[in-house]
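Could you open the model in your viewer and keep the selection tool handy? We will take a short walk through it together.

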Amino acid sequence: MKKRRVVVFIISIILILLMIFIYWIYQNNEQKRMDYKFDSDKLYVTINSKDWIEVPFDFSYTINHLNKVNNGKYKEGTYQLDNKKIVFYFEKENTEEKEILDKEGKVITRYKQYDGKYIMGIVYSDDKGKTWKNTVIGTSDYNDMLVKIMFKNSQKGQMTLNNRANNGTYNYVTENGGDEWLIQYDADKEISDVKAHYKLKLEGIPKNLTVDEAVKSGYFVYDGVQNKVYNKDILDRFVKNTEMNANERIADEIIIVIYTSNGKPSVYDLGYKYTEKMGYVLAKDPTRIDIFETDVMMDVSEYKRLLKEYSEITVNYNLPSEHYGITVTEDTGILAGIINLTSYSEEYEDIEIGRYMLDAEIVENSK
């Protein structure tokens with residue numbers, strides 16, 4: 001009796017494994033029969049290699065672009081066509097406008113719903129092409145935003161997109177089939193990218209930067225030799241966009257160049273980009289300053305410290321927006337306008353960026 005039960009158990013296991021194997025073969029064969037094609041600016045899919053289903057969306061711009069760059073095919077990894085999910089991306093020129101109407105229904109004005117030259121989104125089906133959904137993912141000034149997309153099942157998916165500047169990527173995840181996507185935040189990568197961006201930008205500024213070159217480049221400039229301030233409106237704009245009391249703080253960036261009375265500049269790159277972990281970023285390049293030409297009295301230890309400080313570009317990214325705001329204050333005691341990152345918390349200290357004399361001539365040269 002016991003032996004018979006063992007035999008029945010073994011047979012049952014074999015039958016279960018056989019059923020799994022048959023199902024796997026069926027699924028695999030079905031997936032091999034699935035395909036897509038472009039025809040007359042339309043996209044079609046087949047589940048059985050015989051019957052073709054039109055995907056109900058305008059793919060004309062996408063098809064035209066793919067004909068130019070990839071022989072009329074989606075790049076590997078940028079679409080999904082299997083039993084879990086059918087997903088195709090689309091791109092189109094950003095020409096869509098929304099209208100604002102008055103009480104009588106007349107058009108007051110029109111505006112673009114999205115910024116950027118191109119709109120990118122996805123069209124997808126969870127029931128093998130019987131019904132379809134589409135959603136806009138983002139905008140860019142470049143084509144080919146999508147790097148790769150993959151759904152583990154009908155609901156959970158991952159996607160990698162090129163950023164809007166087309167010089168990096170971001171990863172996104174969805175838990176609801178593609179209706180909504182959330183960025184996978186990578187603090188270490190963002191910090192690394194930010195430091196590299198600011199350092200590279202300052203390294204690209206000529207070591208013998210003249211006042212005229214700095215002014216024409218659109219930098220805020222204080223010339224300590226001639227006692228003149230240039231492009232103050234650019235500084236005013238940055239303050240308005242990013243100060244603590246702004247109604248809506250806006251991402252912005254400014255180059256500040258302060259020339260000493262000896263004609264040597266310190267260059268600062270100050271940016272504001274509100275993210276989950278970051279507010280202001282301040283990069284400083286004092287390498288053009290000769291510390292022996294400064295008025296600072298120093299001992300040996302102070303000399304060594306300043307020598308190191310004045311010999312390298314530094315990037316400070318630990319300036320959270322909830323604690324810092326940009327200010328320009330007038331100190332009548334020393335007759336100077338002081339550009340500060342002002343701390344509104346006891347955890348952080350104020351950071352002076354630069355100063356200019358209040359009696360300086362204001363020369364507006366920005367365009």
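Below is a tour of a predicted model, with a sheet, a helix and some aromatic rings as stops.

**The sheet.** Start by colouring seven strands in the order β19-β18-β17-β16-β14-β15-β23, which make an open sheet with mixed pairing. At its edges you will find β19 (314-319) and β23 (361-363), each pairing on one side only. On average, neighbouring strands here are turned by 15° against each other, direction ignored. Now zoom in on β18 (residues 280-285), which runs antiparallel to β19 and is joined to it by four bridges. Select L282 and you can look for its bridge partner in β19, N316.

**Across the sheet.** Next, show helix α5 (residues 232-242), which lies across strands including β14 (220-223), β16 (252-259) and β18. The helix runs at about 135° to β16.

**The aromatic cluster.** Move on to Y36, F38, Y74, Y79, F88 and Y89, which form one aromatic cluster. Pick Y74 and Y79: their ring centres are 5.8 Å apart and the planes meet at 35°, so this pair is tilted.

**Charges over rings.** Finally, select K37 and W52: the charged end of K37 sits over the W52 ring, 4.4 Å from its centre.

Terms used
Residues numbered from 1 in each chain as written. Predicted model: local features only at pLDDT ≥ 70, side-chain atom pairs only at ≥ 80, totals over all residues. Heavy atoms only, no water. Pairing = 2+ DSSP bridges. Helix = DSSP H or I, 4+ residues; strand = E, 2+ residues; numbered from the N terminus. Axes fitted to C-alpha atoms, helices over the stretch in contact; angles between N-to-C directions. Contact = heavy atoms within 4.5 Å. Phe/Tyr/Trp six-rings, centres within 6.5 Å; stacked < 30°, edge-to-face > 60°. Lys NZ or Arg CZ within 6 Å of the ring centre and 35° of its normal.
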